[in-house]
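Please take a moment with the sequence and the model shown below, and then follow the paragraphs that lead through them step by step.

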Amino acid sequence: RHRGAKPPRRYELLGGLFLGFFFCNPRAMFQKRLVIDGRGHLLGRLASIVAKEILNGQHVVVVRCEGINISGEHFRAKLKYWDFKRKRCNVNPSKGPYHFRAPSKIFWRTVRGMIPHKTVRGEAALARMKVFEGIPAPYDKVQRKVVPSALRALRLRTNRKYTDLGRLGADFGWKYSAVVEQQEEKRKTFAAAYYARKKALLEVKAKALAEATQKLSADERKILETYDL
């Protein structure tokens with residue numbers, strides 16, 4: 001058969017069924033969403049772990065990207081980014097490469113470089129990842145995780161210098177650092193008030209449970225202990 005000839009119809013149908021199984025069947029993918037708090041993580045280590053997870057089918061959301069750290073002093077990171085900004089198309093710079101200033105987009109581009117993003121598999125993997133500055137709704141009410149193998153406190157010596165993406169992006173034209181800080185202060189205020197209400201409610205519930213337990217007889221307490229209540 002000629003190399004450029006079209007494959008038989010039966011192979012096209014089989015290929016469509018094969019792709020349909022993996023992209024439409026809910027059993028062939030993860031349903032749980034993983035929310036990661038990026039603050040205090042090292043850029044490369046976190047990006048490599050996230051890249052592997054989204055390639056495996058996991059949906060990942062990374063919040064507080066402005067708090068992601070880069071090892072090395074800030075001036076060194078600025079020099080490297082200045083060198084990166086010089087790389088462009090001389091004929092038409094609008095063709096790329098594009099130099100993002102927002103911390104979330106810098107992290108997104110780092111992850112993109114670790115996956116085959118020009119293939120269908122890589123494009124689908126990149127669509128499973130979401131990145132944000134700050135913690136917008138509804139992720140402010142969702143439990144957030146950390147990655148111990150990417151934490152700066154566990155992977156970088158205490159005498160080593162480091163910087164963060166928020167400061168680096170602000171030096172190169174990111175204009176929303178003050179807005180993100182303002183929104184974060186509001187979120188922390190609401191979260192503190194919610195925790196105070198929740199703590200008071202738990203104390204009332206524990207007190208009521210203790211009073212109810214005291215009114216029970218010894219036989220009733222033994223029955224409850226058998227059920228771990």
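Strand β1 and strand β2 (residues 59-63) pair in the parallel sense over five bridges, where two strands count as paired if DSSP finds at least two bridges between them, and where helices (H or I, at least four residues) and strands (E, at least two) are DSSP runs numbered from the N terminus. This is a predicted model, in which local features need pLDDT of at least 70 and side-chain atom pairs count only at pLDDT 80 or more, while totals for chains, interfaces and linings use all residues. Residues are numbered from 1 along each chain as its sequence is written, and side-chain values use heavy atoms, with hydrogens and water left out.

Within this pairing, R33 has H59 of β2 as its bridge partner, and V35 stands opposite V61 in β2. On to β4, β2 is joined by three bridges, again in parallel, with V131 of β4 as the bridge partner of V62.

Buried means under 20% relative accessible area, exposed over 50%, and partly exposed in between (1.4 Å probe, protein chains only).

The interior can be followed next. A nonpolar core is a set of buried Ala, Val, Leu, Ile, Met, Phe, Trp, Tyr and Cys residues joined through side-chain atoms within 4.5 Å, and of the 29 residues in the largest one, L46, V50, I54, F107 and M129 touch the most other members. The largest share of this core, seven residues, comes from α2. Not counting residues up to four places away in sequence, M129 touches V50, I54, V60, F107, W108 and V111.

Which charged side chains meet? A salt bridge requires a side-chain nitrogen of Lys or Arg within 4 Å of a carboxyl oxygen of Asp or Glu, and by this rule the count comes to seven. In one of these salt bridges, the side chains of R64 and D37 meet at 2.6 Å, N to O. R64 lies in the loop between β2 and β3 (69-71) and D37 in strand β1, so the pair ties together parts that are 27 residues apart in sequence. Both R64 and D37 are buried.

Helix α8 (residues 177-214) contains E184, which touches R64, G134 and I135, not counting residues up to four places away in sequence. R187 forms a salt bridge with E184, the closest N and O atoms being 3.0 Å apart. Both R187 and E184 lie in helix α8, three residues apart, about one turn of the helix. With a relative accessibility of 15%, R187 counts as buried, and E184 is buried with a relative accessible area of 8%. Salt bridges that share partners join D37, R64, E184 and R187 into one network.

Definitions and conventions: Contact means heavy atoms within 4.5 Å.
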